[in-house]
Amino acid sequence: MGERHGLVLDPSSYESARAAAIETLQRDHSLVHDEEVWIAFTEQIVLGMGGVGDAARACATDMVLEWERHENFALYEDALPVLEELRRHELKIGLITNGQRDVEEFADHHRLQVDAMVGSKAHGRIKPHPSIFLAALAALDVTPDQTAMVGDSYEDDIEGARALGIRAILVDRDGLRPDAQDRIDTLFALPAALGLVHA
């Protein structure tokens with residue numbers, strides 16, 4: 001994507017640039033869903049990877065538009081089989097996302113069978129704002145003590161859910177928080193973490 005805008009980006013800088021962009025986003029935003037936030041966030045990553053000037057902004061805008069396309073997003077291999085396993089145990093499943101893409105179209109495209117979906121684009125607030133979690137609880141008709149939030153962002157998913165008394169399980173695929181409470185490194189470990197027994 002950078003080449004299209006005449007940029008030479010350093011892929012090895014991606015993780016540190018992304019971490020810095022996340023820190024800036026969480027420090028500065030008001031938890032209101034705003035398309036400009038995602039462009040600015042991506043622009044910070046591009047700049048952190050060596051992008052400069054207006055070209056970095058143009059590259060970030062194109063990247064956000066591409067990210068909205070469902071075919072440009074791949075599920076982890078554990079997602080569908082684990083959702084199927086949870087369904088076998090007759091659990092209600094909800095999907096909450098801060099993303100730009102239409103959450104219903106996304107679920108349909110990837111064959112995600114869920115009982116409720118709350119996307120920040122339609123909801124107006126982003127995780128960790130309490131209202132997006134409360135909207136999901138209401139859509140599922142469950143209480144916080146009946147619920148487990150599973151996510152890979154400690155600040156957005158885990159801290160946001162725990163602030164409402166929801167059990168939160170961190171999917172820490174890269175081992176960044178080895179000492180975190182209720183931590184798994186793959187969704188394949190989720191049924192056991194929830195105390196589910198194979199049927």
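Modeller: Happy to! A word on terms to begin with: helices and strands are DSSP runs, a helix having at least four residues and a strand at least two, numbered from the N terminus. Please keep in mind that this is a predicted model.

Colleague: Good to know. In which order do the elements of the protein chain run from the N terminus on?

Modeller: The protein chain has nine helices and five strands. Read from the N terminus on, their order is α-α-α-α-β-α-β-α-α-β-α-β-β-α.

Colleague: What share of the residues in the protein chain is buried?

Modeller: Buried means under 20% relative accessible area. Of the 199 residues in the protein chain, the buried share is 38%.

Colleague: Now to Thr 97: is that residue buried or exposed?

Modeller: Thr 97 sits in strand E1, which covers residues 94-97. Beyond its neighbours within four places in sequence, Thr 97 is in contact with several residues, among them Val 103, Val 118 and Ile 132. Its relative accessible area is 18%, and the cut-off is under 20%, so Thr 97 counts as buried.

Colleague: And how far apart are the mean positions of the positive and negative charges?

Modeller: The protein chain carries 18 positive and 36 negative charges. The distance between their mean positions is 2 Å.

How values were computed
Residues numbered from 1 in each chain as written. Predicted model: local features only at pLDDT ≥ 70, side-chain atom pairs only at ≥ 80, totals over all residues. Heavy atoms only, no water. Buried < 20%, exposed > 50% of the residue type's maximum accessible area, 1.4 Å probe, protein only. Lys, Arg positive; Asp, Glu negative; His and termini not counted. Charge placed at Lys NZ, Arg CZ, Asp CG, Glu CD. Contact = heavy atoms within 4.5 Å.
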